[in-house]
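Hi,

Here's the structure I promised to pass on.

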Amino acid sequence: MLSADALADIDRELAKYPPDRRQSGLPAALRIAQDELGWLSAESIEFVAAVIGVPAVRAWEVATFYSMYDLQPVGAHKISLCTNISCMLRGADEIAAHLKRKLGVDFGQTTADGKFTLKEVECLAACAGAPMLQLDRDYHENLTPARVDEILREYQT
């Protein structure tokens with residue numbers, strides 16, 4: 001299910017933990033699988049659990065708890081907008097409305113061209129820069145609608 005390179009990356013992550021603590025490598029192993037496959041299917045989550053040697057329910061606990069994991073296919077670029085209290089108080093609702101209007105999608109949806117998926121997340125730990133979003137792996141803080149438009153233009157090509 002995963003390439004030899006991905007399995008080697010997982011082995012490197014697991015080597016960071018004592019043998020009786022292999023499950024500590026689950027978050028990294030799931031990230032590696034998602035990076036290679038684009039999202040985490042039931043089969044891929046259970047495969048990762050088997051590779052690590054833990055019950056599948058342990059992998060499901062991690063995959064369903066953290067918002068960084070995608071349990072359904074996503075677009076070429078994933079926009080995760082923080083709507084927690086700090087971001088909300090500093091305008092996340094305006095940014096959310098702008099993104100939805102601009103992209104023509106709601107949270108949890110992908111644009112018709114498959115380019116962007118918009119995801120609402122609880123917290124991205126950048127409260128000082130609120131409102132903020134993560135686009136792929138890049139953080140963008142102190143957002144305004146105009147700044148969002150600039151960011152989207154950068155990813156359009």
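Below is what I found in it, starting with the ground rules.

This is a predicted model, so I kept local features only at pLDDT of at least 70 and side-chain atom pairs only at pLDDT 80 or more, while totals for chains, interfaces and linings use all residues. Residues are numbered from 1 along each chain as its sequence is written, and side-chain values use heavy atoms, with hydrogens and water left out.

**Helix α1**

Helices and strands here are DSSP runs numbered from the N terminus (H or I, at least four residues, for helices; E, at least two, for strands). Helix α1 covers residues 4–14, and its buried residues are A6, I10, E13 and L14. Those residues sit within an arc of 95° when you look down the axis of α1, so they line one face of the helix. That arc is taken from the directions from the helix axis to the C-beta atoms. As for accessibility, buried means under 20% relative accessible area, exposed means over 50%, and partly exposed is in between (1.4 Å probe, protein chains only). The buried residues of α1 pack against α2 (26–37) and α3 (42–52), with contact meaning heavy atoms within 4.5 Å. On the other side of α1 you'll find A4, D5 and R12 exposed.

**The sheet**

Five strands make an open sheet in the order β2-β3-β1-β4-β5, with mixed pairing. The edges are β2 (109–110) and β5 (138–140), each with a single partner strand, so one side of each has no neighbour in the sheet. I call two strands paired if DSSP finds at least two bridges between them. β1 (residues 77–82) and β3 (residues 116–121) pair in the parallel sense over six bridges, and L81 has E120 in β3 as its bridge partner.

Two helices lie across this sheet. α7 (residues 145–156) lies across β1, β3, β4 and β5, at about 155° to β5. For those angles, axes are lines fitted to C-alpha atoms, for helices over the stretch in contact, and the range is 0 to 180 degrees between N-to-C directions.

H77 counts as buried at 17% relative accessibility. Leaving out residues up to four places away in sequence, H77 touches K115, F116, T117, L135, D136 and Y155.

**Side-chain pairs**

What does a salt bridge need? A side-chain nitrogen of Lys or Arg within 4 Å of a carboxyl oxygen of Asp or Glu. The structure holds eleven salt bridges. One of them joins R12 to D9, with the closest N and O atoms 2.2 Å apart. R12 and D9 are three residues apart in helix α1, separated by about one helical turn. R12 is exposed at 52%, whereas D9 is partly exposed at 31%.

R58 and E61 meet in another salt bridge (3.4 Å, N to O), and both lie in helix α4 (residues 56–65), three residues apart. D106 and K100 form one as well, at 3.2 Å, N to O. Shared partners also join R31, D35 and R137 into one network of salt bridges.

Cheers
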